[in-house]
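Here are a few friendly exercises, each with a worked solution. Try each task yourself before reading on.

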Amino acid sequence: MVLGAGGLRCVSAFGALSVLRREGIEIDMIVACSGGAAVGYWIAAGGTDIPEGIARYTVGMERSFGAFSYRQAVRAVFARWLGHDPRFGLMKDRSFNAYMAASLKGVRFEDLKIPLHCVAADLHLGEQVVLSRGPVLDAMRASLAIPLLLPPWEVEGRLLVDGGICNPLPVDVAMREGADIILAMGFEDPLQPAIDSGVALVRQVLAVSANHLMRAQFAFHSMAHHAEVIAVIPDFGQQVGLRDLHLIPHLVRQGELATEREMPYLRKLLAAPAQALTEAST
């Protein structure tokens, strides 16, 4: 199961998980980035109570962003005179870091019940970085570091940020790890209903860029024939902000519906995976 970047929309993965469990389909490996990493960790750690998992995810989102840092905002505006810190973030992350440390309690990748691979990005080199060993805290915090909002996180001497900026749907990681049937849950950013401000223009440009990047990567890996990739793209029908926690039941439901639409083909693959994969590659 590959869980892509999508902010709060990643909670819809719990809906996908409920369908898979109802069908008796086990997950052998998880690859995730950004908000998907939070859900991916819960699954990999052996979480069984989906309502509890949703509640934990909600609390995590509530605590993801602390108070606005006016000091950092001033430094950003006057960086020429005050200097720029690459660990820049407009939000204070002390409480968020403390919450994550208390929640993960020193858990390492080696302790997880299901293999998990978290995707982050090197801030300076722009390279994809896959974290699969050592403290889960470092990988989670790095993959959740939304540029400009949360400060980057240092892992083994590299400043890492949200993996969604370089690979919003890391199907290639699952392929390299040997997966042959991949359920890939991705999220397209909705376009602005009206471009009537500079902020709206920036959001529109970012949405178009992110959507084209995800589609291009998905198309490339689907044509590579190294694995059968099933795209699960929920349609939420509206803009979803990081603070729209009241939409969580709707997001989870759309995750269920999107997964149910793909179940007939997934059942076919699981019933005769070798034959189906051979046919798909010819």
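## Getting your bearings

The protein chain's secondary structure comes to eleven helices and eight strands (DSSP runs numbered from the N terminus: H or I of at least four residues for helices, E of at least two for strands). This is a predicted model, where local features need pLDDT of at least 70 and side-chain atom pairs count only at pLDDT 80 or more, while totals for chains, interfaces and linings use all residues. Residues are numbered from 1 along each chain as its sequence is written, and side-chain values use heavy atoms, leaving out hydrogens and water.

## Exercise 1: the ring cluster

Task: find which residues ring pairs link into a cluster with Phe-14.

Solution, step by step:

1. Start with the rule: rings of Phe, Tyr and Trp (its six-membered ring) pair if their centres lie within 6.5 Å; planes under 30 degrees apart are stacked, over 60 edge-to-face, and the rest tilted. The structure holds three aromatic pairs.
2. Phe-14 and Trp-42 are 5.3 Å apart, centre to centre, with 65° between the planes, an edge-to-face pair. Phe-14 belongs to helix H1 (residues 13-22) and Trp-42 to helix H2 (residues 35-44), so this pair ties together parts 28 residues apart in sequence.
3. Now take Phe-14 and Tyr-57: their ring centres are 6.3 Å apart and their planes at 75°, so this pair is edge-to-face. Tyr-57 sits in helix H3 (residues 50-64) and Phe-14 in helix H1, so the pair ties together parts that are 43 residues apart in sequence.
4. Put together, ring pairs link Phe-14, Trp-42 and Tyr-57 into a cluster.

## Exercise 2: buried or exposed?

Task: decide whether Phe-14 counts as buried or exposed, and do likewise for Tyr-57.

Solution, step by step:

1. Buried means under 20% relative accessible area, exposed over 50%, and partly exposed in between (1.4 Å probe, protein chains only).
2. Phe-14 has 1% relative accessibility, so Phe-14 counts as buried.
3. Tyr-57, with a relative accessible area of 7%, is buried.
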